[in-house]
Amino acid sequence: MNKYKRTIRNIFWIALVAVWSFLAGAYFNLGWVKDASMSYTQGFFLGGIAMWMVFIGMGIFVYRIVKKNEGADPAKSALLVVSFFTVCFLIIAWVKYDDVKRDKYMDDISEVFVLHYSDVAKEKQLVIEDLDFELELLFSYISYDLENDPKLEQLMAIKTEKELFEENKVISNLCQNALKSYNEKDSPFPKELKLLFE
């Protein structure tokens, strides 16, 4: 292969490996490493960038070793090694892909939850101080039960807010139960909050 064709091959190969190694790192981090306090987006980009850094270092190391030993095509050797590990990490990440999808759903739905019930409060003309904060706090209270609810897969398939929060009662029931679990005097939530879920 002449030098021009080899350069074109390497450019396309590097681009392909860059995309898939980023995804491998992102999903590996989200599925196996990510701290619970880290958001989905933070975990995604942190994992992808970390994988790039590792693979760039690995590729340069292999390239220099092969070139030092007068190998015919050190770039190909480096790309083969990086490609192999990319595939390995993709397979490892795939094992926990369902967990990653669930985590992303929980991140997304928390924002939709706050927006939806803020609108409900306006419709019902309820005045609740720091409403967004109270809704975020309430969602954090129900998130464990929601994530482990046997109907979560069904909820993940729902496309509209109305069906998710009004027609389907899983989330509203969890909220009602969470609010009822406190005596009125001891509740960290304002008493008007329960009116959102009636």
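## Contact between α1 and α4

In this predicted model, Y27, L30 and G31 of helix α1 meet Y97, V100 and D103 of helix α4, contact being taken as heavy atoms within 4.5 Å. Helices here are DSSP runs (H or I, at least four residues), numbered from the N terminus. The residues of this contact divide into four nonpolar, one polar and one charged; Ala, Val, Leu, Ile, Met, Phe, Trp, Tyr, Cys and Pro count as nonpolar, Asp, Glu, Lys and Arg as charged, and the others, Gly among them, as polar.

Two packed helices are described by the angle between their axes and the distance between the axes. For α1 (residues 3–33) and α4 (residues 97–123), the axes come within 9 Å and cross at roughly 85 degrees. The axes are lines fitted to C-alpha atoms over the stretch in contact, with angles running from 0 to 180 degrees between N-to-C directions. The two helices, α1 and α4, are therefore roughly perpendicular to each other, a description that applies to angles of 65 to 115 degrees.

## Basis of the values

Residues are numbered from 1 along each chain as its sequence is written, and side-chain values use heavy atoms, with hydrogens and water left out. Because the model is predicted, local features need pLDDT of at least 70 and side-chain atom pairs count only at pLDDT 80 or more, while totals for chains, interfaces and linings use all residues.

## The largest nonpolar core

A nonpolar core is a set of buried Ala, Val, Leu, Ile, Met, Phe, Trp, Tyr and Cys residues joined through side-chain atoms within 4.5 Å. Buried means under 20% relative accessible area, exposed over 50%, and partly exposed in between (1.4 Å probe, protein chains only). The largest such core has 31 residues, of which F113, L138, I171, L193, L196 and F197 touch the most other members. At least two residues each are supplied by α4, α5 (131–147), α6 (152–156), α7 (161–167) and α8 (170–180). The largest share, eight residues, comes from α4.

Leaving aside neighbours within four places in sequence, L138 is in contact with F113, C175, A178, L179, F189, L193 and F197. In α8, the buried residues are V170, I171, S172, L174, C175, A178 and L179. Their cover includes α4, α5, α6 and α7.

## Salt bridges

The structure holds five salt bridges, each defined as a side-chain nitrogen of Lys or Arg within 4 Å of a carboxyl oxygen of Asp or Glu. One of them joins the side chains of R9 and D73 (2.9 Å, N to O). R9 lies in helix α1 and D73 in the loop between α2 (40–68) and α3 (74–95), so the pair ties together parts that are 64 residues apart in sequence. Both R9 and D73 are buried, and R6, R9 and D73 are linked in a network of salt bridges.

Two further pairs involve helix α4. The side chains of K104 and D108 meet at 2.9 Å, N to O; being four residues apart in α4, they are separated by about one helical turn.

## Surroundings of V17

V17 lies in helix α1 and is buried, with a relative accessible area of 12%. Not counting residues up to four places away in sequence, V17 touches F22, V82, S83 and T86.

Note on methods:
Angles under 35 degrees count as roughly parallel, over 145 as roughly antiparallel, 65 to 115 as roughly perpendicular and the rest as oblique.
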